[in-house]
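Here are my notes on the model you sent over. Have the structure open while you read, and go through the points in order.

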Amino acid sequence: MHQQRRVSLAGSNERGLDSEVQLDRTAFEPTAPSSSHHRRLGHLHEAQNAHVELASDHLAADRHGELHVVDSEPLFSGRLFELIVHLYYACIHSPPMQGELVMTVTAGTPIELVEGVYATLPERVAAGRERFGRPLTLTEKILLNHLYDPAQAIERGGTYNDFHPDRVAMQDATAQMALLQFMTAGLPTTLVPSTVHCDHLISAKVGAKIDLGVAIDTNREVYDFLRSVSAKYGIGFWGPGSGIIHQVVLEHYAFPGGMMIGTDSHTPNAGGLGMVAIGVGGADAVDVMTGFPFNVRWPKVIGVKLTGALSGWSSPKDVILEVARVLTVEGGTGAIVEYYGSGADTISATGKATICNMGAEIGATCSVFGYDDNLAQYLKATGREAIADAADKVAEHLRPDDGAVYDQIIEIDLDALKPLINGPHSPDRANRIGAAVGAEARANDWPLDISAALIGSCTNSSYEDITRAASIARQASARGLTVKTPLLVSPGSEQIRATIERDGLIADLEAIGATVLANACGPCIGQWDRPADANNKPNTIVNSFNRNFPKRNDGSALTLSFVTSPDTVVALALSGQLDFDPSIDTITAPDGTEVVLNAPMGEVLPSQGYDPGKDTFTAPPVDGSGVSVEVSPTSDRLQLLEAFTPWDGQDYHALPVLMKAQGKCTTDHISAAGKWLKYRGHLENISGNLFLGAVNAYNQADGSEYPVGVGKDTLGGADDTYPNLAKKYSEAGVRWVAIGDRNYGEGSSREHAAMEPRFRGGVVIITRSFARIHETNLKKQGLVPLTFADPATYDLVGQDDRINVLDLPPVPGRNVRCQIVKPDGSTVDFEGVHTFSPEQVEWFRAGSALNVVRKKVADAAG
Ligand code: SF4
């Protein structure tokens, strides 16, 4: 007997929220949700009248009538994938019934999504404790609850595991290539709620209004593209002026116990709100948006035990500056840093976010704090009472267990923590403010006069930060003091800007001479149009940002950048001197009296509530299929991607060696940043930087070394740059191989370093060893990454040799047979080791991982 029945989607994202699937069979037995896969169904778009076929072996409705996937079959293994895709199409092609509620990606995380995450949390935590036979860290609880397959082997710092993140966030610079790739997948919408944030492309010069207008004009093409592609694929769009991605995420999307990825390294900012939030490259974001799991090494967990409470001039920024001092820029690599202890509960949510934000500077996968009243208060103040209420119900699972085991423990007594200022050139180069940094400066010839002071950014622009800074400003202006160096303020979001303007805090800062910039990254990412006479000589700047590598802020290697708290920045700006210590030094007022600055006083949350400011969010339409994505064929910044061609079924014979790298060949050597950043959305143009940083292992005909990025044209032409050679080979239809040394492809996970070789005809990369993420990226783009079974074979590859790669496709568990063919026709056999899984072999056959998705989508559509 057929019977119509309506069930709501469980654990849904915004689009599934409150929508319903109409089932026409009764085979759904009540059952508890038993798999995290059930959240996948939350991605259904406009679910009215969806027709579910023979789903009883995969789907079930629980006693509340909620729909769940109840098996543990991987998403892309056959019928489950097809079922979901079928549902997608069924839903999308069914227009909403008149008067029915239609949900889309909104300016916040819906409570249903959060409740879906919390629904499985107690059960997963209990299972985890049993499995490991010990109490759990918060990190473990969150990761266990987002595991793709709970049965996967887990070893801290050892295994790579698959996860289902709850959200994806992308900033405008990285979103371009990520979305261009997503477009080629053929999906009608992203499978995980995603947002785009326009923050990186706004250059600071004069002040907020003018700078924003100029940016909108200069970047119109990129913004139009991001806006239209967001509308088409169900992505929330935060336009220019909205604020910095991490601040907007903290205010709107982060929630305790959640997991997200973001295409920016400071995504961990959301750890302040108890979320495992990881910065990734665009390729990872594309994976997740297209329904692949997010794969990452199960992290080690570094515990930072905080006791006491901050006071005086010490602030949350000093906590992370101290942690950076202890761990150095590499000490957090492969680990999640988890803050706990009584001191953690004394720090506001936004203060915690500051600490997690800058965890990127110690190489940590991310950082996280447990749920406490500070988080609850922040959620409520930002209009998320329902999430706070839901978190209260599972609060015990949103904090580490007593006795949780950490791989390393750092203890910090907040009572004893003194203000620090770290730099220049490295965020772990810690100095106590005042005499200590002054002595360092004198010993190293760093200018003591400060040439600019900057506060704000995603790291330090909370209401609390600005009220503390303004409290110092008010003291100063009351005594007639103004800053002795330019003081620039970058509000982290439109909400912060509007609130601090309403509450008179901008006026307080302007009264001492501050200039307020646009709600954007600006000087933090080098988008700072500084007069040449300010930075064409050694000069010292102080800021409340997070990174201080040479050239980071203004493009000048002569600028010495120090990172510290906003409080210290304002005090130093008033004194004009790097070695000023506001707790003991004085500033002379215009009337000749000496001014002692009292320690800053802040308000954690605005007593009148936040002012949301201008509405800068654009939700995607329910049906984006009619939206056309605007990319001009003549654009030099954007270019639609064409799918890479599938493997032709033939072995690779006589591949010329385009490039043999000696020593380090990071993703920066393969695909440089700097001026090439503007081409991040144009594969052909950015391919003009391919291998420009690579050091040629061969010598020129006269025995001298090649310039960096230059090689021999083994097809018979003159020596040329690698990008030019690659273009020439590609246009001649000649496929090629590149040879790498050890740890090839380390550094940033940018996918351009894998896409460019593929675009220019590269088919195989053989190295002594790979950085893992880059190796995976190469496989995703359809290349064959191999390592020499005998590393000494690297030395046998000559400049004019050809390479054969035989018995393709790679067979999991078996080395690939290869040959070096010498110019005289003799051959040297060698074996190439590969790490292809059966699924990855399909990527190779199809031409790329995205082609696999595209085919499945097309097949499912019938
Ligand atoms: S403010 Fe700076 S650190 Fe933050 S997202 Fe922008 S560029 Fe990155």
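Which residues have the most contacts inside the largest nonpolar core?

1. They are Tyr-118, Leu-179, Leu-226, Val-542, Leu-574, Leu-578 and Leu-597, in a core of 151 residues. A nonpolar core here is a set of buried Ala, Val, Leu, Ile, Met, Phe, Trp, Tyr and Cys residues joined through side-chain atoms within 4.5 Å. Buried means under 20% relative accessible area, with exposed over 50% and partly exposed in between (1.4 Å probe, protein chains only). Apart from this core lies another, of 27 residues, which includes Tyr-698, Tyr-706, Val-784 and Ile-820.

2. Before going on, a word on the ground rules. This is a predicted model, where local features need pLDDT of at least 70 and side-chain atom pairs count only at pLDDT 80 or more, while totals for chains, interfaces and linings use all residues. Residues are numbered from 1 along each chain as its sequence is written, and side-chain values use heavy atoms, with hydrogens and water left out.

3. Back to Leu-597. Leaving out residues up to four places away in sequence, Leu-597 touches Trp-313, Ile-472, Gln-475, Ala-571, Leu-574, Phe-580, Pro-582 and Ile-587; contact means heavy atoms within 4.5 Å.

4. Tyr-118 also turns up in a helix pair: Ile-111, Val-114, Glu-115 and Tyr-118 in H2 meet Ala-386, Ile-387, Ala-390 and Ala-391 in H12. Those contact residues divide into seven nonpolar, no polar and one charged. The axes of H2 (residues 111–132) and H12 (residues 385–393) come within 10 Å and cross at roughly 10°, so the two helices are roughly parallel to each other (angles under 35 degrees count as roughly parallel, over 145 as roughly antiparallel, 65 to 115 as roughly perpendicular and the rest as oblique). Axes are lines fitted to C-alpha atoms, for helices over the stretch in contact, and angles run from 0 to 180 degrees between N-to-C directions. Helices (H or I, at least four residues) and strands (E, at least two) are DSSP runs, numbered from the N terminus.

5. Have a look at helix H3 (residues 138–145) as well. Eight of its eight residues are buried, so H3 is largely enclosed by the rest of the structure. Among them are Glu-140, Lys-141 and Asn-145.

6. Now the open sheet: six strands, in the order E10-E9-E6-E7-E8-E25, with mixed pairing (two strands pair if DSSP finds at least two bridges between them). E10 (276–279) and E25 (617–618) are the edge strands, each pairing on one side only. Inside the sheet, E7 (residues 194–197) and E8 (residues 236–238) run parallel, joined by three bridges, and Thr-195 stands opposite Gly-236. Helix H8 (residues 282–289) packs on the sheet and touches E6 (167–171), E7 and E9 (259–262).

7. There is also a barrel, which seven strands close in the order E26-E29-E30-E31-E34-E33-E32. E33 (residues 816–821) and E34 (residues 827–833) run antiparallel and share six bridges; Val-821 stands opposite Thr-827, and Gln-819 has Asp-829 as its bridge partner. In their hairpin, Gly-825 takes a positive phi near 95°.

8. Last, a loop residue. Gln-639 lies between E25 and E26 (652–660). The C-alpha atoms of Gln-639 and Met-177 are separated by 9.2 Å, although these residues are 462 apart along the chain.

Notes:
Ala, Val, Leu, Ile, Met, Phe, Trp, Tyr, Cys and Pro count as nonpolar, Asp, Glu, Lys and Arg as charged, and the others, Gly among them, as polar.
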